[in-house]
Amino acid sequence: MNTFSIAIHGGAGTLVKGMMTPELEAKYKAALQLALDEGYKVLDNNGTATEAVEKAVIILEDSPLFNAGKGSVFTATESHEMDASIMDGKTLNAGAVSLITGIKNPVSLAKDVMEKSEHVFLAGEGAMQFAKELDYKLEDASYFYDKLRYNQWLEIKDTDSFQLDHAKKKDSKFGTVGAVACDKDGNIAAATSTGGMTNKKWGRVGDSPMIGAGNYANNKTCAISCTGSGEFFIRGVVAYDVACLIEHKNMSLEEASNEVINKRILEIKGDGGLIAVDAKGNIAMPFNTEGMYRASKSSNGTEEVSIYK
């Protein structure tokens with residue numbers, strides 16, 4: 001039987017260590033552990049990699065601690081605009097949604113785009129229309145409200161500033177979430193979900209819903225979910241770049257992931273990290289920030305839940 005494994009992240013860049021209280025750190029680690037365990041359970045019960053990454057991301061979306069689903073940041077118009085994507089490494093099928101509001105679990109809508117439409121990427125009103133046709137329940141804005149997120153927004157509203165959660169040295173970090181998995185059959189998948197940037201304007205879209213930039217999966221190479229400064233990850237086509245290094249330069253998962261995060265993305269001044277898995281169940285979780293909320297578990301007995309380096 002193939003080694004099966006899962007890795008998850010809750011954003012790169014972290015609360016500066018001094019800002020992180022033991023209580024808060026325990027809360028983060030508990031949330032990561034829950035998502036990790038539930039995703040792993042799917043694999044252990046012969047579920048597919050795609051089912052496992054969706055399950056893990058749903059749990060992270062349901063936690064107000066992360067900038068996805070329930071804890072999404074506020075836009076310039078005091079609303080929430082969420083993005084998500086998912087990809088199946090066996091078939092190369094993918095689904096993505098962007099600029100959606102009121103959807104409790106954007107990753108599930110992305111999966112429905114993959115499985116129930118002829119398309120890969122739906123955005124804005126069209127994506128909402130698609131959700132309506134599938135009888136998605138729309139949550140009230142109060143469901144997504146989080147006091148810390150609201151205060152982050154109040155600090156910069158009516159200005160031209162926007163911020164990635166991890167870009168400020170204050171108590172203002174929480175990020176994009178994602179999961180990658182390899183199942184018992186050696187199939188891999190990746191999923192990513194985010195609330196984007198605080199105070200974002202003009203329908204800004206980051207790398208998270210973009211196949212090849214923030215999310216990618218191909219059994220031949222790897223499955224990747226990224227987190228960080230989205231503009232740079234789009235320009236660097238980061239997720240696909242890792243896969244290309246494996247395919248064309250015969251690099252290992254670890255080598256390719258490190259090359260992209262600790263060299264190539266830094267050369268264009270991007271910060272962040274990624275989680276990666278290959279069809280043998282190997283895992284890599286590099287980041288070039290102070291930390292990255294991350295966890296991984298493998299059928300070979302290894303397990304990790306970490307925040308800082």
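**Strands, helices and single residues**

Tutor: In this predicted model, four strands form an open sheet with antiparallel pairing, in the order β7-β8-β9-β10. β7 (215–217) and β10 (283–284) each have a single partner strand, so one side of each is left without a neighbour in the sheet.

Student: Which helix packs on this sheet, and what angle does its direction make with that of β9?

Tutor: The helix touches β9 (272–277) and β10. It is helix α9, residues 253–267. Its direction and that of β9 make an angle of about 165°.

Student: In β8, which residue is the bridge partner of Y216?

Tutor: β7 and strand β8 (residues 223–228) run antiparallel and are joined by three bridges. In β8, the partner of Y216 is I224.

Student: Is H9 buried or exposed, and what is its relative accessibility?

Tutor: H9 belongs to strand β1, residues 5–12. Buried means under 20% relative accessible area. H9 therefore counts as buried, its relative accessibility being 0%.

Student: Which side chain joins that of H9 in a polar contact, and at what distance?

Tutor: Beyond its neighbours within four places in sequence, H9 is in contact with several residues, among them T176, S225, Y293 and R294. A polar atom of the H9 side chain also lies 3.4 Å from the backbone nitrogen of G11. The side-chain partner in the polar contact is S225, at 2.9 Å.

Student: Which residue takes a positive phi in the hairpin of β11 and β12, and what is the value?

Tutor: Four residues lie between the two strands of this hairpin. The residue with the positive phi is G301, at near 100°.

Student: How many residues make up the largest nonpolar core, and how many make up the other core that lies apart from it?

Tutor: In soluble globular proteins, nonpolar side chains tend to be buried together. In the largest core, I6, I8, F66, V97 and I100 touch the most other members. The other core includes A7, A239, I261 and I265. The largest core has 50 residues, and the one apart from it has 35.

Student: How are α3 and α4 oriented to each other, roughly parallel or roughly perpendicular?

Tutor: Helix α3 (residues 106–116) and helix α4 (residues 124–133) have axes 11 Å apart and pack at an angle of about 80°. L109, D112, V113 and K116 in α3 meet A127, F130 and A131 in α4. Angles of 65 to 115 degrees count as roughly perpendicular. The orientation of α3 and α4 is therefore roughly perpendicular.

Student: What is the phi of N46, and is the residue buried or exposed?

Tutor: Most residues other than glycine have a negative phi. N46 has a positive phi near 70°. Its place is in the loop between α1 (22–44) and α2 (49–61). With a relative accessible area of 58%, N46 is exposed.

Student: Where is V237 placed, and what is its relative accessibility?

Tutor: V237 is not a glycine, yet it has a positive phi of about 40°. Its place is in the loop between α7 (230–235) and α8 (238–249). V237 counts as partly exposed, with a relative accessibility of 38%.

Methods
Residues numbered from 1 in each chain as written. Heavy atoms only, no water. Pairing = 2+ DSSP bridges. Contact = heavy atoms within 4.5 Å. Axes fitted to C-alpha atoms, helices over the stretch in contact; angles between N-to-C directions. Buried < 20%, exposed > 50% of the residue type's maximum accessible area, 1.4 Å probe, protein only. Polar contact = N/O pair within 3.5 Å; in protein donor to acceptor, adjacent residues only side chain to side chain. Core = buried A, V, L, I, M, F, W, Y, C linked by side-chain atoms within 4.5 Å. Parallel < 35°, antiparallel > 145°, perpendicular 65-115°, else oblique.
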